[in-house]
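Me: I have just started learning to read protein structures. Could we go through one together, a question at a time?

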Amino acid sequence: MTTFRQLLKGRFAVLGVVVLVMLGSLAVRLWGMQVLSGGSFAAAAEDNRIREVSLPAARGRILDVKGRPLVTNRPVMAVTAQATVSEDTTLVAQLASVIGVPVDEITKRLSSYKAERLAPRILKVDVPMQTASFLAEHSADFPGVAVEESAVRVYPGGSLAAHVLGYTGEISETQLAANALPDARIGDVVGKSGVESSYDKVLQGEKGFRRFEVDNQGRVRTVLAEGAPRAGKDIRLTINKDVQAVAEKALSDAIAEAHRQGFTNAHAGSAVVLDVKTGAVIAMASAPTYDPSVFLGGISDADWAMLNKKSSEYPLNNRAIMAAYAPASTFKAIVAMAGLQTRLITPSTTFQCPGFWTGMGKQWGKWCWLHSGHGYVSLHKAIGQSCDGYFYNVGKKFYDAKGEKLQDFARTMGLGAKLGIDLSGEVSGRVPDIAWKKAYNKNYPEYQQWLPGDTVNMSIGQGDLLVTPLQLASAYATLGNGGTVVRPHVLSAVLAPDGSASVETSVTVISDPKLSATNLATLRSALVGVTTTGTGRGSFVGFPISVAGKTGTAQVNGKDDYALFACYAPAAAPKYAIAVIVEQGGHGGSVAAPAARQIMSKLFGVKYKTIHTTDVSR
Amino acid sequence: MRAPITRMVRDRVHGGLVLSAVALVVFGGVMVWAATLTMTGHAAMVQRQILGMAVGLLALVVMWLLDYQVLKAWTGPLMVALSLLIISPRIPGLGASVSGATSWLQIGSIRLFQPSEPAKLLFIVVLAAVIAEYGGKIDLPRDVLKVAGFAALPLVLILLQPDLGTGLVFVAIASGMLLVGGLKARWFAVFALTGTVLVGAIFGLNSLLVSAMNKPEGVLIKAYQMDRLLVFVDPTRDPKGAGYNLAQSKIAIGSGGLTGAGLGMGTQSRLNFIPERHTDFIFSVLGEQLGFAGAVMLLALYLALMASALSISASSRDLFGALVAAGLISMWAFQILENVGMTIGMMPITGIPLPFMSYGSSFMVTNLAGIGMLLSIWSRRYGTTTT
């Protein structure tokens, strides 16, 4: 017995050591997992069991200046589905035929939204009641599919003020990446343009949340916590619904009038109405326009292509702030004021207009639009008759005076830079100068030098000068309000839940060109002359309010002339400034000016009758 | 003069073994209760486990009273019984297969037990009898071949079932017993080499057959077994499929921290994240609910159990008894290493339960019968005495 026991002694020791090593290594590993890195595993366990979905907040309404709704919400039935539905192809096919959404569209919608695993995916918004009740009755046949209450934007005025209001849509990947809305998730509806975009944060409200505990199948076991959403705030705009409607009507009438006069390429244009003192935008029209409701629940590819093809003239663009035009003769008011302010001319300065101006030498001669010439021309007559010859001389004076006084003055009037309106997409326009020309032609050294002709061209609003309709209206507002450039804005106030204004937009002064009262009076008298005896007379015959305005007819390479009119009124105590531009509309005095009169008729409560007149000036 | 009762108890009862076994059985019962708490059929499962314990206690007493040396004489019949037991689930009218992996012996619709469990004990007894004949030294090729033949027959049969888990337990048992039985080191090397070559050949042949017969579910090795192995090598592979079990188990154990979430608590257990949480993955439940403290307590109990078994083995009056004890130690040690190891990613996932802890009455009865055998060896360490 002893012999075999002695034999086995070492072997038992080996067996014992093997057992010890096994248990020991398990214990060491457990120490590492449970004690050293227990925290990260605990976090993983929490991640396993807790799911959070956000509860959408009602989007704020957008009201006009008198509190009338421009955009509201309408409760609708939306069909939603869990992501897992996509695994059942027969179910997806059935669903597709019931709600009328193609199978691949459903699959696409179910496979996106990676951020929120539990959140149901919206398949179709605004389904008819009978579809909703069919799905509710047959809910057993459609597991994971639900009909939920949702809300979509409603536009009581149809396309009214579409460019100012903007449209909404699902947040884009780039918007998400930009992280402008920190708690935004894929699938959220956000403002894409206009006020919907610029005041998105106010309109959005705060999302609520619901935190669940789920099991391994993702089934909800308990609701752990819940936070109710806070509805977005209503906002009140400076836009007056009635004036806006008239401005849009006037613009389309002006385009029709252009066609009547033979300018059949006229399809686009813009009209802006400002309060001269506050910069409040009372109306802002852009043609062609679009119906923002096509974006509800996701715009179709066909509609999107339609809105973006070249022949459509890009109806999504708000031309009032996104397009820049040669201001043509409407700029002569600015040049005149610049001349007076810099004392290069006086109210009594006169020039001879022989029809063909040779101030820079015979080989560089330039025609006045009136080839027979205006004879001796005073400032008053030069504005009233839109005499190019007079302003060629003023331009030459600016060139000879050296420096860039004309450009500097144009800039203090708010041109050549964004005015900072509370709408996205505003462009800065252009006030050309020596540095700009050099940079612009950096590959063409022979064109880099600033020539006298550049200043002369600019002084009749042609050449490389570009302004937006908003800038033009703002410049005339400055002439009308006694010389202050104020920031244009469309927001009147953010409203508290009880409807009172919680945040009101205040007047922001951008610059003060320090216009002398005498010079303003001189110019006003000349601008009133335009509508009483000058190039705009035909459009304002019988209009009871005195209007200080200027016609413009811009030459654009390869296109018909653009028709412009800018004004402020009443001339004696200005309240409103208006700019109207019709692309390829022909003459400002006969196409744009009647539109301005039509808008002012509404503003001042005057009866309006369609005007057909003629204008041959530029 | 009659021996004092204390002396009688000391002779027949190994205190360390009985205490550790009782503690493990109670611990296991509590864990099955805690693991099944939020499962449907919770009460029925707890009842069935308690029934298993009762039957196991009966088996323990029977084995204790039975003179283990009697078994030595029955090598032939026991070998036949072992073989029949292993193939019994394949006999029409007797077998039943649950979820493709666990095989049951059943008559009519009454499920009796999993034959692979008692087969482990029979395997130990048969192999102990064969090895004991060589007196603690196996070196002659003829002897080696005979022993290897006795070990290989049941091993091949169980692998053909196919029951890879029990097969691995057989290999572990044989290794431990051959160590104690005196197989020379170089023969271990030969076996290891042969085994490696065989396994390699099977894997190679499997992949050949899979592509040739176009059977992605596997021919010699089932696809799910392959997945478990590959997941062990690369845990990030297929996190929703085969890697899911491992990941969830590790999260459960790791999140237990030092003291755990508390008995019956723990979100991984409660919310079904741990798969097979009352059977193969019961250690994950323990780790989550009782933390490192509970896990170490369990390992300490296992250490006490196996140290007791080792002391019994060392004090056996004959080599046969020592070998049986060594076989039981090897069986438990391997199952503990494999089961706990797989829940923490140290071992590949196989369907091997955790002794005294996992839900399952056949398993419980087998382990308690093993305890009974150890007590039988201990009681008779001074010679065959009448009781």
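Reply: Gladly! Let's start with a definition: a residue is buried if 20 or more other C-beta atoms lie within 10 Å of its own, exposed if 12 or fewer, and partly exposed in between. Keep in mind that this is a predicted model.

Me: Thanks! Is A161(A) buried or exposed?

Reply: A161(A) sits in the loop between β5 (145–154) and α6 (162–165) of chain A. Its phi is near 60 degrees, a positive value in a residue other than glycine. There are 31 C-beta neighbours inside 10 Å, and the cut-off is 20 or more, so A161(A) counts as buried.

Me: And what about E313(A), how does that residue count?

Reply: E313(A) also has a positive phi, about 60 degrees, although it is not a glycine. Its place is the loop between α11 and α12 (319–322) of chain A. Because 13 other C-beta atoms lie within 10 Å, E313(A) is partly exposed.

Me: What is the omega of the peptide bond that joins A569(A) and P570(A)?

Reply: P570(A) is in the loop between β22 (562–569) and β23 (576–582) of chain A. The bond joining A569(A) to P570(A) is cis, and its omega is about -10 degrees.

Me: Now for chain B: how do α6(B) and α15(B) run relative to each other?

Reply: The axes of α6 (residues 116–132) and α15 (residues 361–379) of chain B come within 8 Å and cross at roughly 20 degrees. Angles under 35 degrees count as roughly parallel. That makes α6(B) and α15(B) roughly parallel.

Me: What is the handedness of that crossing, where α6(B) passes α15(B)?

Reply: On the α6(B) side, the contact is made by E117(B), P118(B), K120(B) and L121(B), and on the α15(B) side by S362(B), F363(B), T366(B), A369(B) and G370(B). These residues divide into four nonpolar, three polar and two charged. As for the handedness, the crossing of α6(B) with α15(B) is right-handed.

Me: Last one! Which element gives the most to the side of chain A that touches chain B?

Reply: The contact takes 31 residues from chain A and 42 residues from chain B. On the chain A side, the elements giving two or more residues are α1 (2–36) and α2 (38–49). That side divides into 20 nonpolar, six polar and five charged residues. With 19 residues, the element that gives the most is α1(A).

Key: Residues numbered from 1 in each chain as written. Chains lettered and ligands numbered in written order. Predicted model: local features only at pLDDT ≥ 70, side-chain atom pairs only at ≥ 80, totals over all residues. Axes fitted to C-alpha atoms, helices over the stretch in contact; angles between N-to-C directions. Helix = DSSP H or I, 4+ residues; strand = E, 2+ residues; numbered from the N terminus. Parallel < 35°, antiparallel > 145°, perpendicular 65-115°, else oblique. Left-handed = near helix turned anticlockwise from the far one by under 90°. Contact = placed C-beta atoms within 7 Å. Nonpolar A, V, L, I, M, F, W, Y, C, P; charged D, E, K, R; others polar.
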